[in-house]
Amino acid sequence: ILLCFRFSHHSMKGENHTLITEFVFQGFSSFHEHQLTLFVVFLAFYILTLAGNVIIVTIIRIDHHLHTPMYFFLSMLSTSETVYTLVILPRMLSSLVCVNESISLAGCATQMFFFITFGITNCFLLTAMGYDRYVAICNPLRYTVIMNKRVCVQLVWGAWSIGLIVATTQVTSVFRLPFCAAKVSHFFCDIRPVMKLSCIDTTVNEILTLIISVLVLVVPMGLVFISYVLIISTILKIASAEGRKKAFATCASHLTVVIVHYGCASIAYLKPKSENTRDQDQLISVTYTVITPLLNPVVYTLRNKEVKDALLRVIVRKLS
């Protein structure tokens, strides 16, 4: 059941400005005539994303054939994506059927914290998966030694730790600002739309956000790029065409997700702040909050033979 909240504006007078204690999302107000359609479409995407990620995690957990580093990272990515969508999509769906939905500053800070944490965790999990593919193809004889259980757990903890540290830094810097406006020109508490509501100059915060964006997007992208340069050079040295095809197939799913994920995030956070209109910004945000999380389970179930075979084994086992 979706709860609609009426916007109530509480404020206290400061010396030079009004301090806001509550925000209201403008959501998809410019698409007013199509809000019901958007609600149905986004709800369908949300259900498919949750179902797909739950299926992936469950299959990897119960099928011993998938107890490998690659699928361990995939299960961690699916878990992270699930929580990521839980942070954003329910409130976004609510904003489509409610007029002027409000959120407290604490609620907004909490949403931003979890959004940043899991968004960055996903970036570094994809990097860890790229490293795993590099070791599997470029050092196959030493794969089990290099990618042992301890290393896999450390890579996952590293991804989570970076997400938590960056989220804490970013949210602290944003919510130290005094706010004079209450209407967030977005459907969730993203960094730039919230900073625009501040009474004071946010140049320092903008610079911090850009530095963080470069570090958590360009660095992982660079590492994945290096991995794939080495992977492709190794694959091209494989004598048999069948061997090359099989090696490319193991990387295709991961590479597809990487290109879309990093591509959308880079457009959103590395572009100049005034380059796009509000509608364009929202369209980009929809891509990385709604479509990209669905891409992960779709790509890894429809394009991955091992996952499809495992799913078939589970179904046969349940029916027999």
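Trainee: Leaving aside neighbours within four places in sequence, which residues is Ser285 in contact with?
Mentor: Ser285 is in contact with His186, Phe187, Phe188 and Asp190. Contact here means heavy atoms within 4.5 Å.

Trainee: And what sort of model is this?
Mentor: This is a predicted model, where local features need pLDDT of at least 70 and side-chain atom pairs count only at pLDDT 80 or more, while totals for chains, interfaces and linings use all residues. Residues are numbered from 1 along each chain as its sequence is written, and side-chain values use heavy atoms, with hydrogens and water left out.

Trainee: Got it. Where is Ser285 found, and is Ser285 buried or exposed?
Mentor: Ser285 sits in helix H9, residues 278-302. Helices (H or I, at least four residues) and strands (E, at least two) are DSSP runs numbered from the N terminus. Ser285 counts as buried because its relative accessibility is 4%. The cut-offs are under 20% relative accessible area for buried, over 50% for exposed, and in between for partly exposed, using a 1.4 Å probe and protein chains only.

Trainee: What about Thr292, which helix is that in?
Mentor: Helix H9 again. Thr292 is buried too, at 2% relative accessible area. Not counting residues up to four places away, Thr292 touches Glu81, Val260, His261, Cys264 and Thr287. Thr292 and Cys264 are 28 residues apart along the chain, and their C-alpha atoms are separated by 8.6 Å.

Trainee: Switching topic: how many aromatic pairs are there?
Mentor: A search of the whole structure finds 11. Rings of Phe, Tyr and Trp (its six-membered ring) pair if their centres lie within 6.5 Å; planes under 30 degrees apart count as stacked, over 60 as edge-to-face, and the rest as tilted. One of the pairs is Phe114 with Phe118: the ring centres are 6.2 Å apart and the planes are at 20°, so this pair is stacked.

Trainee: Why are Phe114 and Phe118 separated by about one helical turn?
Mentor: Because they are 4 residues apart in helix H3, residues 105-138. Phe114 is partly exposed at 34% relative accessible area, whereas Phe118 is buried at 7%.

Trainee: What kind of aromatic pair do Phe115 and Phe188 form?
Mentor: An edge-to-face one, at 4.9 Å centre to centre with 65° between the planes. That pair links distant parts of the chain, 73 residues apart: Phe115 is in helix H3, and Phe188 is in the loop between strand S5 (183-184) and helix H6 (191-195). Phe115 is buried at 5%, and Phe188 is buried at 0%.

Trainee: Which aromatic cluster do those two belong to?
Mentor: Tyr84, Phe115, Phe187, Phe188 and Tyr288 form one cluster. Remember that Phe187 and Phe188 also touch Ser285.

Trainee: Now the strands. In what order do they form the open sheet?
Mentor: The 3 strands run in the order S4-S3-S5, with mixed pairing. Two strands pair if DSSP finds at least two bridges between them. Strand S4 (101-104) and S5 stand at the edges with a single partner strand each, so one side of each has no neighbour in the sheet.

Trainee: In what sense do S3 and S5 pair?
Mentor: Parallel, over 2 bridges, with S3 covering residues 22-25. The bridge partner of Val24 in S5 is Lys183.

Trainee: Which helix packs on the sheet?
Mentor: Helix H2 (residues 69-97) does, touching S3 and S4, and its direction makes about 145° with that of S4. H3 also packs on the sheet, touching S3 and S4, at about 85° to the direction of S4. For these angles, axes are lines fitted to C-alpha atoms, for helices over the stretch in contact, and values run from 0 to 180 degrees between N-to-C directions.

Trainee: Last topic! At what angle do H1 and H2 pack?
Mentor: About 160°, with the axes 9 Å apart; H1 spans residues 35-62. H1 and H2 are therefore roughly antiparallel. Angles under 35 degrees count as roughly parallel, over 145 as roughly antiparallel, 65 to 115 as roughly perpendicular, and the rest as oblique.

Trainee: And how many helices and strands does the protein have?
Mentor: There are 10 helices and 5 strands. Buried residues make up 47% of the 320 residues.
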